[in-house]
Amino acid sequence: MQGEGSKLRERVFSKFADCNPSAMWKNTACRIESLSSALSKPYTSSPKTLSHETMRVSPQEWGVDEVCAWLQEEGLHEFVAIARDHIITGAVLLSIQEEDLRVDPLASALKEARVDKFGRVRQFVLSIRELVDQHRQTLNLLHDQPQDRRSKSATSAFVASLYKPEPLSSALLRLGCSLTWAAFVMMATASVMTFVHDRVPDMAKHPPLPDVVLDNIPVIPGAFEASEVCIILLASIFALTCIFHVHRLVILRRVFAITGSVFMLRCCTMLVTSLSVPGIHLKCRPFPEQMTIEDKIAHAWKIASTFGSTLQGTRTCGDYMFSGHTAMLTILNRFVCAYSPRTWTPLHTFSAVLNGFGMFCILAAHEHYTLDVFMGFYIATRTFQSYHTVAHADVSDNEGLASTRRWFPMVSFLEENCSGVVPFEYEIPFSRRLQSLLFKRANSAASPTSHARNPFNRSDSEERSYKEL
């Protein structure tokens with residue numbers, strides 16, 4: 001302790017020597033400036049700088065001392081005390097995102113440390129991203145090794161490229177493009193369903209094809225309507241997830257893009273292949289010959305406006321390859337499970353049960369062949385997985401992933417300014433705007449000019465409570 005104190009005194013007096021010696025004790029400003037500049041510099045004896053041995057160790061294995069040494073090397077001296085107080089290890093450091101610095105306890109710690117400059121906070125986040133990029137290969141190897149649940153969940157936060165949100169204008173533009181694509185596919189699907197209605201094979205000449213499942217399950221009345229109820233429940237859960245999710249625009253953009261792509265493929269399969277009716281109870285007859293083009297357009301619009309729902313009185317024939325209801329059930333289930341917290345196991349289980357039960361009801365109603373249901377499930381899951389694999393990839397340093405994105409131009413355009421796994425962040429809708437309005441009102445009411453103009457002056461206690469608001 002005495003040695004360390006002597007070193008500190010030597011540094012202070014060396015700063016004093018930089019001033020004019022004859023006027024050192026007379027010029028108080030010079031002394032104060034020298035003392036503050038000496039004490040503002042970090043003490044070099046602790047923590048120590050990073051050694052070559054420490055640099056070879058993966059950041060995942062760093063302790064608090066190594067993290068503090070790395071902060072010193074990066075010039076982020078004001079974050080050293082925060083790292084020690086909050087026991088920020090290497091694993092915790094790599095999982096920190098910019099949103100974590102806006103909420104307690106880190107927000108309060110930054111305020112106490114007087115880190116109020118945007119540039120310093122952003123530099124801290126950029127340094128973490130650079131650290132992840134430098135050790136990405138090592139982190140991937142650690143992620144592949146067997147780990148417990150806690151370590152694996154911490155590693156998954158930074159093994160994938162850190163999420164880079166896009167500007168609001170760009171998000172709205174791409175959401176509009178995705179919605180336009182989904183609306184176009186919906187109208188195309190309705191038009192194709194109207195066209196293939198006349199191509200349904202005659203039931204007298206072409207009976208239902210042999211099907212192991214349908215041949216052993218009797219027709220259950222109301223089962224198809226029950227499957228649509230499952231779709232409505234899943235859609236409601238998904239809507240609530242989007243409402244409270246911070247990155248709701250990204251989720252909506254992706255669900256529109258994936259749904260549109262799946263149903264565009266369904267249009268192609270319906271157009272090229274016409275299967276016989278799967279159940280003899282289905283009354284599928286061609287349109288009357290006197291039906292005009294305007295009537296067919298009106299029929300297609302009815303299918304599109306009601307989303308082909310039987311609950312809305314819409315009946316279709318010929319759209320058997322593949323099941324659109326199964327695809328919609330599966331897409332909604334995958335989005336609910338992917339964008340809700342991992343710990344919400346009951347919700348994920350309930351969503352999966354709705355998906356499976358809805359598929360069973362489709363078969364129990366004999367509205368689709370088993371192959372239709374299987375293909376609908378498989379295509380929906382593979383499309384969802386492929387889209388997110390490409391969207392989450394960081395193509396900046398991987399030529400293979402860049403080539404993959406070139407094969408998916410829609411994903412490349414929609415996810416051009418957004419890379420990484422979307423974090424699980426939730427908020428009350430419009431809460432930020434409401435808080436800003438309340439603060440503006442409070443500041444305007446607390447200002448002297450506005451208080452002078454207001455003839456109804458509040459009491460001191462009311463004024464203090466209003467300022468606290």
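1. Helix α15 packs against helix α16 in this predicted model, through H325, T326, L329, T330, N333, V336 and C337 of α15, which meet L347, H348, S351, A352, L354, N355, G358, M359 and I362 of α16, where contact means heavy atoms within 4.5 Å. By class, this contact holds 8 nonpolar, 8 polar and no charged residues; Ala, Val, Leu, Ile, Met, Phe, Trp, Tyr, Cys and Pro count as nonpolar, Asp, Glu, Lys and Arg as charged, and the others, Gly among them, as polar. Helices are DSSP runs (H or I, at least four residues; strands are E, at least two) numbered from the N terminus.

2. The axes of α15 and α16 come within 9 Å and cross at roughly 175°, the axes being lines fitted to C-alpha atoms, for helices over the stretch in contact, with angles that run from 0 to 180 degrees between N-to-C directions. The two helices α15 and α16 are therefore roughly antiparallel to each other, given that angles under 35 degrees count as roughly parallel, over 145 as roughly antiparallel, 65 to 115 as roughly perpendicular and the rest as oblique.

3. T330 lies in α15, which covers residues 324-338, and counts as buried because its relative accessibility is 0%; buried means under 20% relative accessible area, exposed over 50% and partly exposed in between, with a 1.4 Å probe and protein chains only. The side chain of T330 reaches the backbone oxygen of T326 at 2.8 Å. Not counting residues up to four places away in sequence, T330 touches N355, F377, A380 and T381.

4. Most residues other than glycine have a negative phi, and most peptide bonds are trans.

5. H366, in the loop between α16 (345-364) and α17 (370-392), also has a positive phi, near 55°. H366 is buried, with a relative accessible area of 9%.

6. In the loop between α3 (52-56) and α4 (64-73) lies Q60, which is buried with a relative accessible area of 17%. The C-alpha atoms of Q60 and S95, which are 35 residues apart along the chain, are separated by 10.0 Å.

7. For the chain as a whole, there are 22 helices and 0 strands, and 41% of the 469 residues count as buried. Residues 24 or more positions apart account for 77% of the contacts with a separation of 6 or more.

8. On conventions, residues are numbered from 1 along each chain as its sequence is written, and side-chain values use heavy atoms, with hydrogens and water left out. Local features need pLDDT of at least 70 and side-chain atom pairs count only at pLDDT 80 or more, whereas totals for chains, interfaces and linings use all residues.

Methods
Polar contact = N/O pair within 3.5 Å; in protein donor to acceptor, adjacent residues only side chain to side chain.
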